[in-house]
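Colleague: Before I plan around this model, could you take me through it with a few questions and answers?

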Amino acid sequence: MNSAAQTTPRDTYTETRRHELRKSRLTMVDGNLATNSRTAEGGVSARVYDSGYWGFASAPGADNAASVERAGRKARENARTMARFGTRKAYDLPGGSYRGEHAYQGRPALSQKDGIDRLAALHAWCAQRYPGLKSTQFMLQDEYHTKRLSSSHGSEVLSSIQRAVCYMTLTAEDDAGAPVELLDRLSVKGSLADLDLSIDAMGPLLDRLHEQLQHKRTAVAARGGLHTVVMGPDLAGILAHEAMGHPCEADLVLGGAMTRDLVGQSVASELVTMVDFANTYGGEELMVPVYADDEGTPARDAVLIERGRLNAFMSSRETAARLGIEATGSARAYNPNDEPLVRMRNTAILPGASKLDEMIAGVDDGYLLLKTSNGQADSTTEFMFGITLGYEIRDGRIGRAIRDTTVSGSAIKVLQSVDAVSDDMQWTCAGYCGKKQPMVVSMGGPAIRSRAHLGGV
Amino acid sequence: MRREPVSPIHGARPGGAADQRPLRDIAEQALAVMRAQGFDAAQVSASRATQDEVNISHNEASLLRSTETCRVGLLGLVDGRKASTELSDFDADAIRERIAGLYADAQSAPQDDANAVSSGQHARIVQGPQDSDLALLADKAAELLAFRSRETPRMMVDEGAALHARTDSHTLTTGGSDLACSLGWYALQAFGTARDGTQSSSFNHAGGTTDDLRGHDAAAFFGLGEMLRDTERQIHTQPVGANFVGDVVLMPNAAADLVEWLLEQIGDMQLIAGSSLYRDQVGQAIASPLLSLRSRFDAPGVAALSSDGFVTPPIEILRDGRLVTLIPSLYGSRKTKLPHVPTASAGWDLAAGTSPLAEVLGGVARGALIGRLSMGNPAANGDFSGVIKNSFRIDDGTLGPALSETMISGNIGRMLRDVVALSQERIDTGALRLPWLRIANLHFS
């Protein structure tokens, strides 16, 4: 395919990626169009593994033969330059090869004008329907990655990741005049054209968001400490991602994450099975479909926790070699000038057999947690994520809304305390996972009931 | 910072870069096309960036990474309607095609009198090390690894880097602004955990940017050595084990969260949405009188230019706890009728205190020394709760065991008012120069 992918006697592995990344963004604040932007980035990168060291180089111009040649030459030179650090063990990189083309065909792209018109209609509808609001903000954002990868292991892959998100933020005031806000997001695979932004579709979502915002205006502080919590599907997804997803990334395992010593051991209730899906769940292609990763490794599902026992890690070729495990096709790069790192793809806790209503009814004193802002993982498996919408549960009934708080705990303790998992499943693909580079990931889950630590007074 | 004519192109990259026309020429040609297209006003920025980076992975140097990127940023106004775009291609046909699309995008936007581009701004900035020194990068990576091996052997540097970056840019507007910048800098960073048997610390990190990487041993930059030592002491932890109200001492890395929150509160989005807590507080005491926050827009890795095409003179945000100014951009200013205060992308300096760090810590009856706040975004009113990471218990002024599973909650605005001591010592990461802060009245759980 190109010269950079051809091996030389000293190369043990080379890959070349031609990567295009297009984004569009519209932001409307109280009817004012604050952002009206489209970007396009294209580049080529080459990476070489030589005598245990990596060299990487990138240059602008995804379809420029001179850039491809230059990046390949520089990557080889960089790998050899690293020899100044002395001898380093070189691994045979496992993972096989893949040949195939996977491009999502969604609806024809939405023009900026169509996007702006839909935002203006949503804003006008909110202004008319919710006159007490202090502010209404909408953001539409989509991004489209196309990657053509060629590797010395024989991989030739065309892949694409395409997702669109609508963020909606409503702001009101409490009785003291302090701002109270609530954000929700709607995400789809595809472009903004694949999001149904009609009033018919969005109206019920906004009505519910507005109703929840009114609850927050009189919210009470959560009681700090350990509580029984029912976490909605949004939270189960981020729990899967933050709590045990990151500690099961092979590079973090090599770095000393506690999970390294726990394979085969009980790390969760038997009700919990957690999987990082490569591309398909329940016969449907997922929101971040990875058929081969950015090293050209055929992607496979990684069953991280199976009925409560830690089972496997997500890996790249090198981390798989170092740990002596199979490569899962989890090495992904975000920008044209980024090297692949071990990243999650579509991470979920699988549904169980309980009903959400029954799970709530079974709580004498606890909290129902429904919306989250952001989260963080840790090598200790101690995770946290922000809660932007939650309610008290008293005697099995939903009570007052609680103010923004944070839920945290040892993932192992929290997952071991799971005593109910609902029988439904929701997927989202909004925001980014941050780990040196940003990354588009999806996460999913049912509702779960467990014990976790809430911040509060 | 030196201000002098900018060399039009980078030094040649190994292998030769593709398009080395002067950035001013590229920007000028694009601006002419925008005028011809029919835009009433426009801003064009052409830039090239290169980076060389020695990466550390799992306590070993592992990767040498060299990247080059180019970018053309275009912003156009027609009849009060605005659109912007970026492309990574200097090709004249590609730029012309994008400008045509941009015109259509702008025409579809609503009219907004607040849209405008800068005028009359002029700068020639050459700042920081312009050329990469790969041998120096390798030496600094080796020094950091040697320090780890010698001083903190239980520490695992999961990721680290010694890097040189350079960005050349040229911005022109139809209002006559002409801003050229050649900004180079070095950076060192490390991220990792310490481990003892099956016990592991939390992640910890340190890093920053500098113009002079030769000045010290690698571990002496940005608190890197202290971070590695602290992390080794955080392998064995205890929960705080009680609910109480106490004091915290925020290390500079954690104190950065307060500064960033305040800057958001006085910036565009909050001001336009009307949700800023400080919209009408200029001249008022909003923070402890110990706090004075000013810009440092010539810090390593920072250019004294705003993204909307303005030179950014020095400013004060807080003087002895009083809010001196809000920081709306040109658009935010025209939208809110507040005075325009241009700011650079980073570069802030919180004045040092008068107490040695030991005294700051010694004044805590019950509380914690906090290296990192792991928390959700604060609520609109500033309320927050978060897990404290890389932290130690303090009782009667004495540092105790490292903490785990401990949360604090409070209000960021209240925290700014409840600062009761600042250290003489500061850490300078380039983007921020901050002391340790002692703050009263946080809820522990």
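Colleague: Is strand β15 of chain B mostly covered or mostly open, and how many of its residues are buried?

Modeller: This is a predicted model, and in it strand β15 of chain B, residues 366–375, is mostly covered. Buried here means under 20% relative accessible area. Of the 10 residues in β15(B), the number that are buried is nine.

Colleague: Which residue of β16(B) stands opposite S374(B)?

Modeller: β15(B) is joined by nine bridges to strand β16 of chain B, residues 383–395, and these two strands run antiparallel. With strand β10 of chain B, residues 244–250, β15(B) runs parallel through four bridges, and there D247(B) stands opposite G367(B). In β16(B), the residue opposite S374(B) is V387(B).

Colleague: How many salt bridges are counted between chain A and chain B?

Modeller: The contact draws on 79 residues from chain A and 81 residues from chain B, and the two chains bury about 6,400 Å² between them, with 50% of that area on carbon and sulfur atoms. One of the charged pairs is D338(A) with R65(B), whose side chains meet in a salt bridge at 3.3 Å, N to O. Between chain A and chain B, the count of salt bridges is 12.

Technical notes:
Residues numbered from 1 in each chain as written. Chains lettered and ligands numbered in written order. Predicted model: local features only at pLDDT ≥ 70, side-chain atom pairs only at ≥ 80, totals over all residues. Heavy atoms only, no water. Contact = heavy atoms within 4.5 Å. Buried area = accessible area lost by both parts, 1.4 Å probe. Salt bridge = Lys/Arg side-chain N within 4 Å of Asp/Glu carboxyl O. Buried < 20%, exposed > 50% of the residue type's maximum accessible area, 1.4 Å probe, protein only. Pairing = 2+ DSSP bridges.
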